[in-house]
Amino acid sequence: MGQRLERASRPGNVRAKAITRRLRLAPFIHFDQVTKSFGPLRVVDQLDLQVAKGEFVSLLGPSGSGKTTILMMLAGFEHPSHGAIWLDGTRIENLPSHKRNMGVVFQNYALFPHMTVAENVAFPLVMRGVGKREAGERVARALDMVRLAHLKDRRPSQLSGGQQQRVALTRALVFEPTVVLMDEPLGALDKQLREHMQLELRDLHRTLGLTVIFVTHDQSEALTMSDRIAVFNRGRIEQLDTPEGIYDRPRTRFVAEFIGETNLFEGVVQRVEDGIAEVALTSGVGVRAALLAPVEVGAPILASVRPERLHLQGEAGAGNVIPVTVTDNVYQGDHLRTHLAGPGLDLVAKVQRRVPVGPVGSTAFACFEPSECTLIAPDKAPGSAS
Amino acid sequence: MSGSPARARVSALLLVAPLFLFLAAFFVWPLVMMITVSVTDGTVRQVMPETASAIGAWDGSGLPPKEVQDALIADLRAPSEQMAFGDAVRRLNSEVSGFRTLLSRTTSAVRDLPPDQTVDLAGIDPRWGEGRYWQALQRAMPNYTDRNLLAAVDLKRDTEGSITADVSANRVIMVRTFTIAALVTALCALIGLPYAMIAAASTGWVRNVLLLAVLLPLWTSLLVRTASWVILLQNEGLINKALIAVGIVDQPLQLIFNRTGVVIAMTHVLLPFMVLPIYSVLLGIPRNLMPAASSLGASRLRAFWHVLLPMALPGVASGSLLVFMVALGYYITPALVGGAEDQMISSVIAFFATGTANWGMAGALGLILLVTTTALYLVYGRLSRSPNMVGA
């Protein structure tokens, strides 16, 4: 996963800069201190979220984290208890959903079972009073684009999951909506089709210049497609950042653990020098980590190292070095998951197949650069990082 | 290997055997019996077996040959059961009036004569010289007859055997039955569809109360229910008093013992049969279809018209079929809250079955009702197999 990210990171950076510039001018979608409560339960808590025009933003989080509620508020199916929602400079929280001109792709597609594929796709055009001939042409063109023209007279129940997915997508795009909202649209597809659709969606987003809000609980989906990801936990944004930012520089323990896998160690900051902090772990080992945000000397801190950043070597190298004993090797096909026991701490390393790993019981050195170690403030007030 | 599937099949058969036996004994057999009774006519044949076998050869023109006359005399001489003979006479009298006096006179005359003396029938009564009495006798002989079925739809065979109109109210009552059933079905659909939609959209105790309210009539005795309608709808009843108090009318409306009362009471009783099928269809509609329609630009009304209503229609169709079929057979409610002009076909069947013991007519009317209902069901089956359901 890390490797794919590195390859994809350069064009992503360019896009990220463009988006920051556009956001500074005027956000296209703006949740302004939005709170949504169901009875005593605060599902969304003082959300502040800005999305630029043409951006692909994923709302990522475990179920019950409020991400779907945010989407439903944007679509107009739920109304905020407090706060305002702006779309292109207009407040929309009291606008009925059928006037919002947003394309919504639902989790189970929500195709109309009593209509054919063509009738389903034509539905938003008919509702907008588009003439019969023009509607027919636009439906034909749209179905051509997703290669479903030959199925136009079928009913949804006669289509496969992937085909239904594409019909739902076409129906949500055919009326050229200002924003496309997707609620876990790929959740019901099998893995291969899901990955294929991810790339297809990303291409569609780029070629059509769509603004997409995409709700998912699948991190790899979010990492693959998004310009930015908002990680949600208990109704609050834990971190809003580019995919690399989320993965490489998690700012809270929740993000570090929810996205991918990580080794976390508790410790105390000893010294700060040249943007490098020296941390004494509670196990007694000292590590050096590149600073992303200012830390106080003497403050408790968490150090996070991704398993694929740990290099196993026969002899101690530069940077951070932890002497370890191999306790288990788990074969994973493309890599080996190696469980390691260090002085007072346990580690997991992802080791590429070409790197030799000793048998269980053998000793080695786990090495990583200070730049590969992220410092995270321990949770006092969850969500304060955003 | 081969033993175990066979044994499984035997035990499966044994498990369904009680059901089959029950159906055979309490459904199929009575049904077949009623149908048979409606087309069987053995009353005359039973008391005149010799005549029956002799008259079959007669071509029906002029007067029958001597053997037929001799057979009739032999039959009349033979001692017969009083009741069976009475039935036969009634049956013949319905063919040609005057047969009763003719037969009783002939019988006593024949029985008074010594057995070996030749009898001149035309001498006893000149009517034996007319062909039509013999023709009536011949028509009454076959085991199977269509006279009950024809009478059920106001038809009869005249003396030549061709079908002509008969004077009777069956057709009128049949049309009235279908009219009332259709009216009740339409009202049930008009009330039931919105009701089911509200019930399906609500949650928790509201839904339970709504469903209970519609199910309660089913659990109440038919008589109690109908009597309550009498109390509510009569001239001094709650509804009329309320209407007068509010000032909508000055005179009490005649709401009971007429068509209005019948339709109101029947709609009330049959509403569950409409609400429940629609309700279950609505529950099966995915929750996100209405939000989807809304997000695609449909206002609530258009979303209802284009999405919810077409999807609820199968429920309305099966509910309507159910209500219509049950309504066709209504008997007690029209009898209690209707006037003389509101009696349905069931009351006629009841009249024949319990009033005059004319099982043939009762069976024939029932058969006609059964055939119509079956036809309706087949039409419904054909309609519900519309392209909508392909692949489902």
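Residues are numbered from 1 along each chain as its sequence is written, and chains are lettered from A in the order in which they are written. Because the model is predicted, local features need pLDDT of at least 70 and side-chain atom pairs count only at pLDDT 80 or more, while totals for chains, interfaces and linings use all residues.

User: What makes S15 and S18 of chain A edge strands?

Analyst: The open sheet has the order S15-S19-S16-S17-S18 with antiparallel pairing, where strands are DSSP runs of E with at least two residues, numbered from the N terminus, and two strands pair if DSSP finds at least two bridges between them. Strand S15 (311–313) and strand S18 (345–352) each have a single partner strand, so one side of each is left without a neighbour in the sheet.

User: How do you know that S16 and S17 of chain A are paired?

Analyst: DSSP has to find at least two bridges, and 6 bridges join S16 (residues 320–331) to S17 (residues 335–342), which run antiparallel; within S17, A:Ala341 is the bridge partner of A:Thr325.

User: Which residues form the two domains of chain A, and how do you know that the domains are in contact?

Analyst: An automatic or database domain assignment sets the bounds, giving domain 1 (2–101 + 178–254) and domain 2 (263–376). Residues are in contact if their C-beta atoms, placed from the backbone, lie within 7 Å, and the contact takes 6 residues from domain 1 and 8 residues from domain 2, although 32 Å separate the domain centres, taken over C-alpha atoms.

Technical notes. Helix = DSSP H or I, 4+ residues; strand = E, 2+ residues; numbered from the N terminus.
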